[in-house]
Amino acid sequence: MWAGELEGWLTTQPRWHLVASGTTAQEWETLLRDGLGESVEVTPPRAHGLNWPRARRGGQRPPVPDAVLLPTEYKTRYHQQFVDRLWVRGLIAVGVLYAIGVVVYFCATAVLGYQTGKVEEQVAGISGSYTNSQQLLARFRVLKERQDLKYAALECWKLVASQLPEGISLQRFSFGDGHRLTLSGTVTLRPDHSHHRFL
């Protein structure tokens, strides 16, 4: 009866029966009413002669296995409910883990995006300064090359002026590409004093 009440399939109010007679019935009826707080129905025992053969036949039968107080349909239903609860809890756990994974993924993506933005800003700043430095370096090289060519042309002019023989008149002086020196002018020959051009 207690198992039925705990399992939930025994919902009616139990009725209490006391099989006794005489002073024994009075004593137990008082104790049961006080302890249970409910009414107890007293039934006198049957005659010994009527119950004895039935008791003897019951004693000769094989022992009865442990009785199951829970009906089969309740057992099946409770088992199904237990399995359903397991499935639901498993699905909830999977959903929670999936939600945690999604949150971690988005957080990691946001952090990586922020770091990427900072790196891109640093690269943009460095690339601007690098481009400016390259332009300045290129200008410096051009100016240095012009200065070197200017001094080389002056050195060539000085060398030509110091080494130019008499009778040669220099009309044109050209210094190109830093490697080619071109001279043009006229030369005077002594016998007939004729002038000839040279290049």
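Of the 199 residues in the protein, 7% are buried, where buried means under 20% relative accessible area, exposed over 50%, and partly exposed in between, with a 1.4 Å probe and protein chains only. This is a predicted model, so local features need pLDDT of at least 70 and side-chain atom pairs count only at pLDDT 80 or more, while totals for chains, interfaces and linings use all residues. Residues are numbered from 1 along each chain as its sequence is written, and side-chain values use heavy atoms, with hydrogens and water left out.

**Whole chain**

Start with a cartoon of the protein, which shows 4 helices and 5 strands. Helices (H or I, at least four residues) and strands (E, at least two) are DSSP runs numbered from the N terminus. Followed from the N terminus, the elements run α-β-α-β-α-α-β-β-β.

Switch to a surface. The accessible surface of the protein is about 17400 Å², and 61% of it belongs to carbon and sulfur atoms. These areas come from the Shrake-Rupley method with a 1.4 Å probe; for residues, only the protein chains shown count as cover. Of the contacts in the protein with a separation of 6 or more, 29% are between residues 24 or more positions apart; contact means heavy atoms within 4.5 Å.

**Helix α2**

Select residues 22-36, which are helix α2. α2 has 15 residues and spans 21 Å from first C-alpha to last, close to the 21 Å expected at 1.5 Å a residue. The expected span is 1.5 Å times one less than the number of residues. Just after α2, pick Gly 37, where phi is positive at about 70°.

Next, show the side chain of Glu 29, inside α2. Is Glu 29 buried or exposed? Its relative accessibility is 17%, and Glu 29 therefore counts as buried. Leaving out residues up to four places away in sequence, Glu 29 touches Leu 18, Val 40 and Val 42.

Move to helix α4, residues 72-163, and select Tyr 78. Not counting residues up to four places away in sequence, Tyr 78 touches Glu 7, Gly 8, Trp 9 and Leu 70. Tyr 78 and Glu 7 are 71 residues apart in sequence, yet their C-alpha atoms are 9.2 Å apart in space.

Tyr 74 and Tyr 78 form a tilted pair, 6.1 Å centre to centre with 55° between the planes. Rings of Phe, Tyr and Trp (its six-membered ring) pair if their centres lie within 6.5 Å; planes under 30 degrees apart count as stacked, over 60 as edge-to-face and the rest as tilted. Because Tyr 74 and Tyr 78 are 4 residues apart in α4, about one helical turn separates them. Tyr 74 is partly exposed, at 22% relative accessible area.

Now select Tyr 105 and Phe 106, which form an edge-to-face pair, 5.6 Å centre to centre with 70° between the planes. Tyr 105 counts as exposed at 54% relative accessibility, and Phe 106 counts as exposed at 54%.

**A nonpolar patch**

Select Val 88, Ile 92, Val 96, Leu 97, Ile 100 and Val 104 and return to the surface view. These residues form a nonpolar patch with about 550 Å² of accessible area together. Patches are made of residues with over 30% relative accessible area and no salt bridge: like charges are joined within 9 Å, nonpolar side chains (Val, Leu, Ile, Met, Phe, Trp, Tyr) within 5 Å. Ile 100 lies in helix α4 and is partly exposed, at 46% relative accessible area.

**The salt bridge**

Last, select Lys 144 and Asp 148. A search of the whole structure finds 1 salt bridge, meaning a side-chain nitrogen of Lys or Arg within 4 Å of a carboxyl oxygen of Asp or Glu. Lys 144 forms a salt bridge with Asp 148, and their closest N and O atoms are 3.3 Å apart. Both residues lie in α4, 4 residues apart, about one turn of the helix. Lys 144 is partly exposed at 41% relative accessible area, and Asp 148 counts as partly exposed at 41%.
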